[in-house]
Amino acid sequence: MLKAKLQNMIARLRVDLATLQNATKALVLDAEEALDKYLGSPSAIAAMGSLKHNHSSTALTDGDNRTFYIIEGHDAALMSVTFDAPVSVGILTIRWKADFQARRVLVLLSPSVDGSSDWFIGAKDLQSHPCACSQLDVGGHDARRMRIILADAVHTSSVVGPVIAVTEIELSACQPQQR
C-alpha cells in the first residue's frame, strides 16, 4: 500500500515537473519574441527569478542591498512576477549592483492568471547611460502577471560573457478601481 502511494506521488511529481518545465519554456519563448521585436535579438535569454507580490509590501525582492540576483553568460534575463490579486501597476524601480546594469528593460503585463496571448507592453527603458537605479512608469495598467526583461549588459566578462545583477526590485501598485 505504501509503495503504491509513493509511486502515485512520484508520478504526480513528474507530471508537475513536466508542466513547470513547459511553462518555463513558454516564458522564455515569449520573452525572446518581445526582445526580438523591441530590444533587438539576444542570442540567449535566461530565467533569472520568479517573484510573488503581496499587497502588504512594495518590495519584490528581500529588501537587502547586499544580496542580488545575477545572470552570467546570457544576453538577457527574465523575471516573472505573479500578483495575489489584480493590481494597478504604477512605478517599477530596479536597483542594480554597481557596474552590472542592463541598458534595456522591457516590462510586459498580463491581465489574466494564465494564457499566453494577452501580454502587452507596460513600459520600456532603452537607456544609453545606465544609472544605479532605473525607474519605469508602468502607467497604472491593471495586471495579474508581469514579466521584466533585462538586456544589453553594461559589463561583459572575458570569462563568462555578459553579466547583469539586480539588488532590489520595488513596485508601487494598488488595488484597481472598480469600474
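Author: We will take salt bridges and then a loop residue. Keep in mind that this is a predicted model.

Reader: How many salt bridges does the structure hold?

Author: The general idea comes as a cut-off: a side-chain nitrogen of Lys or Arg lies within 4 Å of a carboxyl oxygen of Asp or Glu. The structure holds 4 of these salt bridges.

Reader: What does the side chain of glutamate 170 meet in a salt bridge?

Author: Its partner is arginine 95, at 3.4 Å from N to O. This pair links distant parts of the chain. Glutamate 170 sits in strand 8, residues 161-174. Arginine 95 sits in strand 3, residues 76-96.

Reader: Which residues are linked in a network of salt bridges?

Author: Arg103, Arg104 and Asp152 form that network. Take it pair by pair. The side chains of aspartate 152 and arginine 103 meet at 3.4 Å, N to O. Here, too, distant parts of the chain are linked. Aspartate 152 is in strand 6, residues 133-153, and arginine 103 is in strand 4, residues 102-110. They are 49 residues apart.

Reader: What about the side chains of arginine 104 and aspartate 152?

Author: They meet in a salt bridge as well, at 3.4 Å from N to O.

Reader: How accessible are aspartate 152, arginine 103 and arginine 104?

Author: Aspartate 152 has a relative accessibility of 29% and counts as partly exposed. Arginine 103 is partly exposed at 24%. Arginine 104 is partly exposed at 30%.

Reader: Now the loop. Where is the place of serine 158?

Author: Serine 158 lies in the loop between strand 7, residues 155-157, and strand 8.

Reader: Is serine 158 buried or exposed?

Author: Apply the cut-off again: exposed means over 50%. Serine 158 has a relative accessible area of 82%, so it is exposed.

Reader: How far apart are serine 158 and glycine 73 in sequence and in space?

Author: Read both distances together. Serine 158 and glycine 73 are 85 residues apart in sequence. In space they are 10.0 Å apart, C-alpha to C-alpha.

Definitions and conventions
Residues numbered from 1 in each chain as written. Predicted model: local features only at pLDDT ≥ 70, side-chain atom pairs only at ≥ 80, totals over all residues. Heavy atoms only, no water. Helix = DSSP H or I, 4+ residues; strand = E, 2+ residues; numbered from the N terminus. Buried < 20%, exposed > 50% of the residue type's maximum accessible area, 1.4 Å probe, protein only.
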